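Here is a short tour of a two-chain model, meant to be read with the structure open beside it.

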There are 2 protein chains.
Amino acid sequence: MTFIDIHPGPSQDPAPGSFRHRFHIPPGLRYFDGNSLGLMPNVVAHAVSNAVSREWADGLIRSWNSAGWRTLSQRAGEKIARLVGAEPGQVIACDSTSVNLYKVLVSAVRLRAGRTRIVTDVDSFPTDLYIIDEVARQFGLSVQQVRAADIPSSLDADVAAIVLTHVDYRTAQAHDMAQYNKAAHAAGALMIWDLSHTAGAVPCALDASGADFAVGCGYKYLNGGPGAPGYLYVAHRHQAACDQPLAGWFGHARPFEFLPDYAPASGVDRFQCGTSPVLALTALHAALDAFDGTSMEALHAQSCALTDAFIDGVDTRLARHGFTLASPRSRQQRGSHVSLRHPEGYGVMQALAQRQLIGDFRMPDFMRFGFAPLYNTFEDVEALIDAIEQVMRDASWSSEEHRVRHAFT
Amino acid sequence: MTFIDIHPGPSQDPAPGSFRHRFHIPPGLRYFDGNSLGLMPNVVAHAVSNAVSREWADGLIRSWNSAGWRTLSQRAGEKIARLVGAEPGQVIACDSTSVNLYKVLVSAVRLRAGRTRIVTDVDSFPTDLYIIDEVARQFGLSVQQVRAADIPSSLDADVAAIVLTHVDYRTAQAHDMAQYNKAAHAAGALMIWDLSHTAGAVPCALDASGADFAVGCGYKYLNGGPGAPGYLYVAHRHQAACDQPLAGWFGHARPFEFLPDYAPASGVDRFQCGTSPVLALTALHAALDAFDGTSMEALHAQSCALTDAFIDGVDTRLARHGFTLASPRSRQQRGSHVSLRHPEGYGVMQALAQRQLIGDFRMPDFMRFGFAPLYNTFEDVEALIDAIEQVMRDASWSSEEHRVRHAFT
């Protein structure tokens, strides 16, 4: 199997390029929610068990050195760096995405002291909007929420920072990183990316495109497990000047000297706060091995082929049932999930779940289907189209019955 | 075995009151570092394995409901509440201790807007000092660092909040919670406790003593695993007015409606930020079952008996080797570890570790020995005294040799 365009060719033996065997696939399940919580890579079960029953239970406090716990955040960060186009020394895995956004946004605002506005996409994931509002309040700034496409034309010399999600969580609309970075820098502002729906499925080039900061989630396409630590990226050129607000001891230059005054670690390490969450980081660190031997370009080709196949099915078999495509048709503008809208979307997702096909629903009527290039297959796509069609045939009966009942009451 | 004063009586069969069997004890090891990283409760290995290989791997996204992931932070919090004298609905397990201190300290400062000073113990654990300095800087406040005993007399109408660690991380000095709360409230200030070296070993009465806020660590006497989530306490009377700075989606009143505006959850739930770290919380939540059937009073009696026994040994057998006691002699003023000072303390700890007795060292010359009442025994105490004596006998040879060598160079 290659990554590109095997659909609709004949099925083949497992072949180089398929990484599905690296994951635990629950029997009978078709999973389209890797953009919400990724499948478990098989290596994780052993790694976590080893961390609990050997490193912790037997090694105890000694494992901070002997099992490498002290550098887990950095080592997980470097594995992520490779997936998001970052050279070493700029990505670290720690805390949650929300906490990490707080850290980098405050840092950015401090680097651009005197400027009075933060600009963001009105359709950002809500937690990003909440954190932005809070930082603005603390620093006496205003927040301008506009459509992503209107951000470049909204910028001026008052803007301190722009926060934009690279791939929209509802529509999968992807944004041109280089274009926004350029526009931000032309206005003298700093660009912060949320890569939660990007990393592990869609390529991006943080370094090459000139990004300033980024944050992201460990439990979606990175498969780090429920509530896995997030990560953050800080471009080398900003690190020495960064002054992040959660100045905890793990971000100190010499944490184990227990000094009374804070002195930030050099580099991206200063963005740590409390003690590293070893068990959670162990899961994430191991999960990232599922990307060994892959390239983001090949994975993206697979992602595009899967989402194209699904969109074909929507056009040819589902549009007649009232489904409309909420995601871009262009591969260049699309992440790795496809959203449909339908007035009965919530009920349809429930009916699919009963048939062991798992996607998710986002208010008011978005049906989201994630296609994770490491493990989703064209058979999955075919089964999904079939099942939605089937549900709609059943649903037409129910709706009919529903209408009849209503007529009698 | 009862909790009180079996030492120096005859050894007995395992008897009600001993909980050592609930833990994995590495063969041959004597562990005196439960105040830094607790032993692994046996139930944790299964609980974590189940969370990884069943709840995540098979249940996937559905486990947020079916496996109760959504309420893990609350359920772990309630188990901790029982150990720190808090009625339900006031403790939640989330983030790290440092991040939690940031959240409650900013909340306190906002509740006391207009006041200009934060007071703390000059000997606080460094991460607390760093976070306090950062919050003060952000809100334009000053920080007054004094000795803990001088805090009550330092308070006036300018003080917004006091941060004090209940049991000092170096000396194990314990403070009278009610006395400090009373002094804080007399000045109109809010009292924040760090319970990192308290919870699980030393009783405290957050509610009854009138505490306002508290934070603490999950990986010491609570045995939640390396880098386990911390927790925080907010007294019922403050919750509705609290405005915490890390306004992430898990602290929202209706997180799954994905609303653009932040509306804090009612109660202590609003102190959550990002997605709950499920695997780490699962370990902590399970570990807390090691306290089933215990009372903090009984555990404290055991803690006092163990530390008394160790101090006896120091007096009768170690003082002659130059060890001085850095912890209070009074049970009422002492936590569950005992610190000794010795000019060669670092080397002594290394020599003990080589003999499979694990304590830890804190600059400049503190040798810390934790006695966790759930699992440490009087045999441990005896073995520790024996080993230190043995090391000093060996060391006296080395020192002699060292002096002789020096005399020739």
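This is a predicted model: local features need pLDDT of at least 70, side-chain atom pairs count only at pLDDT 80 or more; totals for chains, interfaces and linings use all residues.

Residues are numbered from 1 along each chain as its sequence is written, while chains are lettered from A and ligands numbered from 1 in the order in which they are written.

## Where the chains meet

In the interface, 60 residues of chain B are in contact with 60 residues of chain A; contact here means that the C-beta atoms, placed from the backbone, lie within 7 Å. Five elements of chain B each supply at least two residues of the side that touches chain A: helix 1 (42–59), helix 4 (97–111), helix 5 (126–139), helix 10 (278–287) and strand 12 (360–362). Helices (H or I, at least four residues) and strands (E, at least two) are DSSP runs, numbered from the N terminus. Helix 1 of chain B gives the most to this side, with 9 residues.

By class, the side of chain B that touches chain A has 36 nonpolar, 16 polar and 8 charged residues. The nonpolar class is Ala, Val, Leu, Ile, Met, Phe, Trp, Tyr, Cys and Pro, the charged class is Asp, Glu, Lys and Arg, and the others, Gly among them, count as polar. Since 100% of the interface residues of chain B are also interface residues in chain A, the copies meet through the same surface.

## Helices that pack

Two packed helices are described by the angle between their axes and the distance between the axes. Axes are lines fitted to C-alpha atoms, for helices over the stretch in contact, and angles run from 0 to 180 degrees between N-to-C directions.

| Helix pair | Angle | Axes |
|---|---|---|
| Helix 10 of chain A and helix 10 of chain B | about 140 degrees | 8 Å apart |
| Helix 3 (residues 72–83) of chain A and helix 10 (residues 278–287) of chain A | about 25 degrees | 10 Å apart |
| Helix 4 of chain B and helix 5 of chain B | roughly 35 degrees | within 10 Å |

Take the pair that spans the two chains. Helix 10 of chain A and helix 10 of chain B are oblique to each other; angles under 35 degrees count as roughly parallel, over 145 as roughly antiparallel, 65 to 115 as roughly perpendicular and the rest as oblique. Their crossing is right-handed, a term used when the near helix is turned clockwise from the far one by less than a right angle, with anticlockwise giving left-handed. Leu279(A), Ala280(A) and Ala283(A) meet Leu279(B), Ala280(B) and Ala283(B) in this contact, whose residues divide into 6 nonpolar, no polar and no charged.

Within chain A, helix 3 is roughly parallel to helix 10, and their crossing is left-handed. Helix 3 of chain A contributes residues including Leu72(A) and Ala76(A), and helix 10 of chain A residues including Leu281(A) and His285(A). This contact has 5 nonpolar, 3 polar and 2 charged residues.

In chain B, helix 4 and helix 5 cross in the right-handed sense. Among the residues that make their contact are Leu101(B) and Leu105(B) of helix 4 and Ile131(B) and Val135(B) of helix 5. The residues divide into 9 nonpolar, 2 polar and 1 charged.

## A sheet in chain B

Chain B has an open sheet of 7 strands in the order 2-8-7-6-5-3-4, with mixed pairing; strands pair if DSSP finds at least two bridges between them. The edge strands of chain B are strand 2 (91–93) and strand 4 (142–146), each pairing on one side only. The twist averages 15 degrees from one strand to the next.

Strand 6 (residues 190–194) and strand 7 (residues 213–216) of chain B pair in the parallel sense over 3 bridges. Val215(B) in strand 7 is the bridge partner of Asp194(B). Helix 7 (residues 177–186) of chain B lies across strand 5 (159–165) and strand 6, running at about 150 degrees to strand 6.

## Backbone details

The peptide bond from Met363(B) to Pro364(B) is cis, with omega near -5 degrees, and Pro364(B) sits in the loop between strand 12 and strand 13 (366–370) of chain B.

Conventions. Two residues are in contact if their C-beta atoms, placed from the backbone, lie within 7 Å.
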